[in-house]
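The sequence and the structure are shown first.

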Amino acid sequence: MTTIAFIGLGNMGAPMARNLIKGGLNLRVFDVIESLAVPFSDLGATVCDSAAQASVGAQVVISMLPASQHVQALYLGKDGLLTKLTPGTLVIDCSTIAPDTSRQVAQAANALNLTAIDAPVSGGTNGAQAGTLTFIVGGKPDAVERARPVLELMGSKIFHAGDAGAGQAAKIANNMVLGIQMIATAEALNLGIANGLDPKVLSDIMAQSSGRNWTLEVYNPWPGVMDNVPAARGYEGGFGVDLMLKDLGLAMDAAEQSACATLLGDLAREIYAEHSQDGNGKLDFSSILQMIQKRSGQRSA
Ligand code: NAD
């Protein structure tokens with residue numbers, strides 16, 4: 001049976017790892033927060049004390065970490081995890097990070113006769129739980145094919161975007177749209193409701209009109225419109241404001257490097273930064289509605 005090491009059991013990693021166990025794979029799991037790994041022993045996984053303990057001898061290593069610096073610290077350097085893996089091991093990093101970092105990991109892996117691909121995801125925590133994520137993969141075609149049966153246990157769509165780093169470049173562009181759309185949706189709902197509309201009625205109308213978009217239809221920010229979204233549970237879990245801020249920062253870096261104008265991307269980043277500075281960095285990014293409501297109160301005061 002294929003042995004998989006899974007590193008990083010946060011909002012996304014935990015449900016992804018559970019789907020691999022359901023799919024019959026032998027899992028070894030690790031998170032720096034021990035309490036996140038412990039429940040996996042009841043599911044039949046081996047809970048490990050370090051990333052190295054989880055990974056040595058595994059055929060595939062999967063990581064789902066917050067940002068570039070975590071991925072660099074895990075894999076690269078003289079004592080990095082790559083130096084401890086058996087030649088031939090496939091490394092699949094699903095974190096959303098800088099394309100350059102993914103390329104560094106792929107090159108370092110190649111030099112050690114390992115294979116590394118970037119496979120960031122779209123679909124949110126509900127997609128991770130349901131096993132319906134979209135994987136956006138960067139790497140050599142044969143490596144993508146090798147990863148496919150494992151990715152199919154966690155997702156329903158797998159795109160090969162191009163060489164190492166291409167998965168990240170596509171994911172970053174996608175998330176810039178997501179960040180902008182969430183602000184636009186929250187503003188529009190707030191405006192309509194302040195003008196006498198019912199939140200569910202307005203959401204239904206917009207979902208069948210030209211304002212339809214993912215944040216409205218799948219991840220509605222207005223509490224009470226949908227069950228099983230962060231807005232229904234005080235904006236806990238989901239996709240953190242600080243993670244959105246990180247992704248918009250990656251988009252701005254990429255825009256600078258490629259001399260692209262990102263007018264709304266820049267503005268969205270400023271808006272999420274202010275929301276984070278107000279102490280909301282760990283809340284789901286749909287909580288941006290609360291900032292819009294706060295500003296609306298200031299305007300009417
Ligand atoms: P999270 O903060 O909930 O989880 C990250 C986990 O990594 C934490 O549990 C943390 O303790 C662990 N970790 C950090 N460094 C570690 C290390 N060296 N070894 C082991 N564990 C370590 O974040 P998340 O929401 O699960 O997101 C993970 C990644 O997926 C991010 O890059 C994010 O941008 C991306 N993403 C998130 C969503 C979402 O909806 N949450 C959707 C798509 C993509």
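## Loop residues

Asn228 lies in the loop that runs between α10 (214-217) and α11; helices here are DSSP runs of H or I with at least four residues, strands are runs of E with at least two, and both are numbered from the N terminus. The phi angle of Asn228 is near 60°, a positive value in a residue other than glycine. Asn228 is partly exposed, at a relative accessible area of 48%; buried means under 20%, exposed over 50%, and partly exposed in between, with a 1.4 Å probe and protein chains only. The model is predicted: local features need pLDDT of at least 70 and side-chain atom pairs count only at pLDDT 80 or more, while totals for chains, interfaces and linings use all residues. Residues are numbered from 1 along each chain as its sequence is written, and side-chain values use heavy atoms, with hydrogens and water left out.

Ala259 is found in the loop between α11 and α12. Its phi is near 55°, again a positive value in a residue other than glycine, and Ala259 is exposed, with a relative accessible area of 73%. Val38 belongs to the loop between α2 (34-37) and β3 (46-47) and is partly exposed at 44% relative accessible area. From Val38 to Cys48 the C-alpha distance is 9.2 Å, for a separation of ten residues in sequence.

## Salt bridges

How many salt bridges does a search of the whole structure find? The search gives nine, a salt bridge being a side-chain nitrogen of Lys or Arg within 4 Å of a carboxyl oxygen of Asp or Glu. Side chains of opposite charge can pair when their charged atoms come close. One of the bridges joins Glu217 and Arg212, at 2.9 Å from N to O. Glu217 is partly exposed, with a relative accessible area of 30%, whereas Arg212 is exposed at 51%.

Asp242 pairs with Lys282, and their closest N and O atoms are 3.8 Å apart. This bridge links distant parts of the chain, 40 residues apart: Asp242 is in helix α11 (residues 241-257), and Lys282 is in the loop between α12 (263-280) and α13 (288-300). Asp242 is partly exposed at 29%, and Lys282 is exposed at 71%. In a further bridge, Arg295 meets Glu274 with the closest N and O atoms 2.8 Å apart. Arg295 lies in helix α13 and Glu274 in helix α12, so this pair ties together parts 21 residues apart in sequence. Both are partly exposed, Arg295 at 42% and Glu274 at 28%.

## Domains and their interface

The chain is divided into domain 1 (3-163) and domain 2 (169-296), with bounds from an automatic or database domain assignment. Their centres, taken over C-alpha atoms, are 27 Å apart. In contact (heavy atoms within 4.5 Å) are 17 residues of domain 1 and 15 residues of domain 2.

The area buried between the domains is about 1,100 Å², of which carbon and sulfur atoms give 58%; buried area is the accessible area (1.4 Å probe) that two parts lose on being put together, summed over both. On the side of domain 1 that touches domain 2, the elements giving two or more residues are α5 (99-111), β7 (121-122) and α6 (124-130). The count of salt bridges between domain 1 and domain 2 is zero.
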